[in-house]
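Here are my notes after a pass through this one. Have the viewer open while you read.

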Amino acid sequence: MTAHDQYGLERWGMDLFAVLENGDLGLLDPERPDIAPVSLPAIVADLDQRGIAAPVVIRVQAFLRRQIAELNESFSTAISDSGYLGSYRAVFPIKVNQQADVVDRIIDDGRPWSVGLEAGSKAELVIALSRDLPDDALVVCNGVKDEQFVRLAITAHQVGISCVVVLESADELDVVLRVAERLGQRPLLGVRIKLTEKSSGAWASSSGDRSSFGVNASALMGIVEKLRAVDMLDCLVLQHSHVGSQIPNVDEIRSSVSEAARFFVALRNEGAPLTHLDLGGGLGVDYTGEQRSAEHSVDYTIAEYCINVVETVQHVMDDAGEPHPTLVTESGRATVASSSILVFDVLDATYYDRGEWIDHEPGDHELLSNIIRIHDYIDEGRLQECVSDAEHYRNELRENFRRGLLPLTQLARAEEAHLTVIRRVKKIAARAADVGGSLREILDAHVDIYHGNLSVFQSLPDTWAIDQIHPVAPIRRLDEVATRRAILSDTTCDSDGKIDRFVTAAGVETALPVHELVAGEHYHLGVFLVGAYQETLGDLHNLFGDTHVVTVGLTADGGYELLDDTEGDTVADVLSIVQYDPKACLDAYKKKVDGAVAIGRIKATERRDLISTYRRILGGYTYFEH
Ligand code: PLP
């Protein structure tokens with residue numbers, strides 16, 4: 001096995017990465033495969049010199065462009081191969097990554113296919129209406145809407161933007177009718193159907209009947225009748241549905257699309273002149289590269305998704321003798337996930353295989369002697385027994401300490417003796433063919449901890465909130481076998497601030513293969529496929545703020561250009577977000593320093609230094625600075 005295969009890069013890397021001869025991770029330009037890959041560590045080092053230190057999110061423009069092209073071209077191919085007579089329009093759901101640079105690049109790179117936007121709130125609609133969208137791009141308004149939201153959407157249609165108000169509920173229709181009457185306008189309307197088909201995967205519980213959005217068949221009939229009564233059924237041009245994000249299985253896609261298409265036919269039969277069938281999001285990303293129907297993987301490619309959607313709709317329409325509608329999808333995750341990489345440095349490690357060998361000493365507690373004696377009977381056939389014994393005696397000794405019956409020196413020797421047993425068992429287990437069950441669990445509880453300069457809550461919130469798995473790998477030394485195993489902890493003071501499930505060549509594991517840290521050398525890890533949802537769902541736990549973000553273009557000479565750079569939050573920025581006035585904080589501290597000068601606690605000449613330390617922190621990065 002070559003070293004880089006330890007991370008399963010070839011399986012989840014979507015042909016975007018290569019390992020260079022020097023072991024660096026290289027970024028490939030998917031549009032220009034003949035160009036040499038660009039070294040990611042070289043980019044990180046260069047950014048560092050420019051004052052943009054890790055942690056940093058690196059967005060690669062070519063990766064985003066490739067996804068947009070692949071989605072649109074795959075639909076075109078599926079449409080022409082199957083003889084489908086309608087067309088396809090993509091809309092990007094802004095909520096998946098609202099950053100202006102990302103949204104604008106999607107619009108620009110999507111211009112050949114007139115990619116539009118989906119807005120799920122007033123703020124997102126304000127963004128959508130301000131962008132330079134092609135004339136024939138759609139703006140689809142989902143989400144709960146008040147009068148202002150509806151008013152803005154209807155007036156945008158007046159301006160000439162194809163802005164569709166999707167009715168999420170029967171009540172929303174009353175708001176729409178009221179606003180439309182006041183404005184004297186006939187809006188472009190859509191209706192969101194609550195499909196009965198449930199998705200599996202992470203969003204199963206909020207799909208099907210339990211979905212909080214959309215209308216069921218009886219509410220739908222109510223909407224149709226009301227629109228008919230006010231002579232506005234002809235405003236209904238789009239049908240929307242969304243079964244859930246990250247659908248793992250192509251059969252589920254087919255079933256939900258088929259149900260949506262049946263509703264579409266039925267609505268047309270009721271007299272609604274529907275032209276657009278919007279199938280929402282759901283196109284998944286293969287985070288683990290396993291290519292199977294599982295929570296973090298998918299059993300289909302983008303091309304297979306497209307052909308299944310097209311053929312399913314075609315079949316239902318032909319069966320009903322209806323013309324083929326324009327297909328719309330709102331693929332967020334699949335569009336942006338691969339384009340961002342979070343790079344952070346490892347600050348420090350806690351090793352569990354270092355330490356002193358413990359020998360018997362006079363006066364040792366009997367239970368401590370029992371732990372030391374385990375070494376006399378350790379062998380491959382008794383590993384589980386040895387570990388259980390060591391855990392048992394160590395736990396008893398801890399209990400004694402808690403009751404005040406054991407001195408700290410004996411507890412320290414007990415902890416160390418326990419670790420020497422675990423280390424020996426680990427060594428023997430590494431050679432053993434099959435280590436499973438509770439032994440594996442105990443051994444994995446003693447892998448190294450690598451302390452990363454990041455906040456999981458800010459940069460990888462789904463890792464914490466919904467156990468999302470993102471591939472993680474070192475960006476250098478990939479020509480060198482990683483001999484250690486570690487979990488990652490972050491810089492927040494929260495025990496949940498950790499990553500402990502990883503994609504490796506062997507599948508999903510509870511420890512990441514890592515290299516030994518070298519003194520004086522940075523060890524940077526990359527977290528991949530983080531462009532969707534992570535940037536916007538993050539919070540300010542421990543007041544770690546936004547990281548720096550850069551967008552890079554890969555150049556023909558194997559280099560890169562910096563296309564955009566957004567500085568991460570300073571300490572003053574995050575203080576302001578939680579309603580502290582940084583200047584008032586500084587003034588308050590100054591007063592304390594002056595007070596200390598006044599009573600002679602510090603010299604007047606020290607004042608400037610003390611205050612500038614505080615001021616420097618206020619203006620600095622919230623993360624560890626080297
Ligand atoms: N459209 C709607 C209405 C959604 O709720 C979502 C997300 O859940 C999406 C689109 C994007 O889904 P995905 O990222 O799976 O493509």
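This is a predicted model: local features need pLDDT of at least 70, side-chain atom pairs count only at pLDDT 80 or more; totals for chains, interfaces and linings use all residues.

1. The chain has 626 residues, and 54% of them count as buried. Along the principal axes, the C-alpha atoms fill a box of roughly 95 × 70 × 55 Å.

2. On secondary structure, I get 21 helices and 23 strands. Among contacts with a separation of 6 or more, 75% come from residues 24 or more positions apart.

3. Strand β5 (residues 88-93) is worth a look. Because 6 of its 6 residues are buried, the strand is largely enclosed by the rest of the structure. Tyr88, Ala90 and Phe92 cover one side, while Arg89, Val91 and Pro93 are buried on the other.

4. What does β5 pair with? It runs parallel to β12 (residues 326-329), joined by 3 bridges, and tyrosine 88 stands opposite leucine 327 there. Another parallel pairing, also over 3 bridges, links β5 to β6 (residues 116-119); here proline 93 faces glutamate 118.

5. Lastly, threonine 570, in the loop between β23 (560-566) and α19 (571-577). Its relative accessibility is 17%, so threonine 570 counts as buried. Beyond its neighbours within four places in sequence, threonine 570 contacts Leu618, Gly619, Gly620 and Thr622.

Conventions: Residues are numbered from 1 along each chain as its sequence is written. Side-chain values use heavy atoms; hydrogens and water are left out. Helices (H or I, at least four residues) and strands (E, at least two) are DSSP runs, numbered from the N terminus. Buried means under 20% relative accessible area, exposed over 50%, partly exposed in between (1.4 Å probe, protein chains only). Contact means heavy atoms within 4.5 Å. Two strands pair if DSSP finds at least two bridges between them.
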